[in-house]
Structures are given as C-alpha cells and as structure tokens.
Amino acid sequence: MASSFRSLVEDENRYLKSFRLFLERSSEHQCMQDFIQGVLPEIFTKIGNGKSSLNVIGVGSGAGEMDLQMFSQVRLKLPGITVNNEVVEPSGDMLFKYKVLVSKTPNLEYIHFTWNKMTASEFENHWKERNLDKKIDFIHMIQMLYYVKDPEATVSFFRSLLSENGRLVIILVSGQSGWGKLWRTYRAELCNTEISQCVTTGDIKTFLDAKGIPYTNYELPSKMDITECFTEGDEKGELLLDFLTEVIDFSKNASPELKAGVKALLRHPDCSSEEDGRVIFNNNLGVLVLDP
C-alpha cells in the first residue's frame, strides 16, 4: 500500500462479504445487464458475421453470471454458432461457483469451456509459452483492471489477440463517478501501489487516445445506497466503507482526520445525492469497446 493500511483484497472472506453487500445496495448488475441486452447483441452480430464458431476470453470472469448472460445473447443473435471460451480467473472459489452455474444451466452444449485458474499476467505468460497464434473474436474484462500491476500493458496484450472483426470490452467505474472523485482526492492515502486499484475508464481513455487506438465509449448510470456508512458502528456501514476505500477495517484503522475527510467527501454532491433521506453514491460505470 501507499500507506500502512491493509488492502481489502488481502482478506478474501471480508472482500467477498463486502462485495455481496455492495451488489445488494447498488444497481451495478442491472446496468450491466441493460448493456448486455441492449448494446452487445449488435456487436456480436458484427463479430460473428460469416463465422461458424467464436473464440472468446473472459478475463476475471468471477462466478460467471455475466459471462452466461452474454452467451445467451450470442445464442439469440447467432443461432447454430459454437463458442470456445477461455475462462481466466485466479480465485478457486469463484471458478468452482462458475462450474456449478454451468452445470445447472441448460442448453450450453454449444460452448466449450477451458478453465484457467490464473491471473491475467499468468495467462499472458501461459499464452506466450504455448506460442499460440490463434486469434480471439471477443474478449471481456469486467471490473478487473483494478487488480493488475500495469493496466495499459494488460490491455495492449489482450487487444493484440483480436481477430480482424474482434472486439475487446472493458468495464470499469467511470471517471465521472463518485469513485473517480474519491480516488483523485485520496489516491495517496488509500490506493494500493502493488496493483492499479484506482483506475477508471477516464485513465484508460487517456492511454487509448495517446496511442491512437479506436474505441467506442458508453456510460452506464448506476447508484449505490451508502446511508449506513454515516452511522458509527453500523456493521453494514463498516463493510461498505471497507469496500469504498478498499481498506480492511477502515473505520478502526484510519486517523480521525482521514475518516472525517472521506466521509465528508462521500456525502458531497460530487460523489452522492440525497433521495428520500438516503445517501445515494454515484456508482456510474464506463464501457470501452476496443477495435483491433
């Protein structure tokens, strides 16, 4: 860490507990589903034109819910097509849940799954060691670039794998979200220097623009109820604060000044609004769809 705090990602149980609460309190999955159902089908049509099979890589696929929603759109738009799906996920627990989900989901015979229990950088080394020249039609990185050392290098490598009509989809918090404001203000105090924890789509767009890489940008409105964060000692509020700051037991370990500053910023109109007496955090996401 850039400070003496322990990063939340070091405690998988607490991270997953706080993440589940975050999903309960936010519209994150709903806004992703809207994108998957509203925008991706047209992209899949372009990618799959004239093809009998698609090569896909999911980088940081987690438990697979979003992957299977995407594949249901592939099936609708490209009936009869087969899919070769490389799943890249370092968490054994998440991979197990993904496999269980696949076993319980009917009509997935058209997908061949290859399970890679590894990080993005380990997969990159694995791919290079195998000297593969296979091209990939669709690659997605949903909420995972926070956990790599060098997001620009990671994006560049995976983009280099794209086929002629392939697309790379990146989803992160928007630079215009409350997260962006929080991280710009408290990067030195909160952000883990071992990974790129505080990256937004704004940062990635700056990199892409500098390199002249073509992409399409989408903003996904999303909200998160953080009202309990402002009730001292509230268990759910503490978990949400840990998730927002990515620090284990932030309330106990932060100085009074830092704690007060973070809470004041979280309530500030730059980060949140008040609706019916609740504090609603701007959890907007950004989607970048990269061309080859």
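**Figure 1. Helix α2 gives the most to the lining of the largest cavity, with three residues.** This is a predicted model, in which local features need pLDDT of at least 70 and side-chain atom pairs count only at pLDDT 80 or more, while totals for chains, interfaces and linings use all residues. Residues are numbered from 1 along each chain as its sequence is written, and side-chain values use heavy atoms, with hydrogens and water left out. Both α2 (28–38) and β5 (162–173) supply at least two lining residues each. Helices (H or I, at least four residues) and strands (E, at least two) are DSSP runs, numbered from the N terminus.

**Figure 2. The largest cavity has a volume of about 40 Å³.** The structure holds one cavity of 30 Å³ or more. A cavity is a set of points, on a 1 Å grid over the protein atoms alone, where a 1.4 Å probe fits but cannot get out; lining residues have an atom within 4 Å of a point. Grid points are joined across faces, edges and corners, and the volume is the space filled by probe spheres set on the points. The lining consists of M32, F35, I36, L40, M70, I142, V169 and I171. By class, eight of the lining residues are nonpolar, none polar and none charged (Ala, Val, Leu, Ile, Met, Phe, Trp, Tyr, Cys and Pro count as nonpolar, Asp, Glu, Lys and Arg as charged, the others, Gly among them, as polar).

**Figure 3. Strands β8 and β9 form a hairpin with two residues between them.** Four bridges join β8 (residues 272–275) to the antiparallel β9 (residues 278–282); two strands pair if DSSP finds at least two bridges between them. E274 stands opposite V279 in β9. In the turn, D276 has a positive phi of about 55°.

Notes:
1 Å grid on protein atoms, 1.4 Å probe; cavity = no way out; pocket = protein on both sides within 12 Å on 5 of 7 lines; lining within 4 Å.
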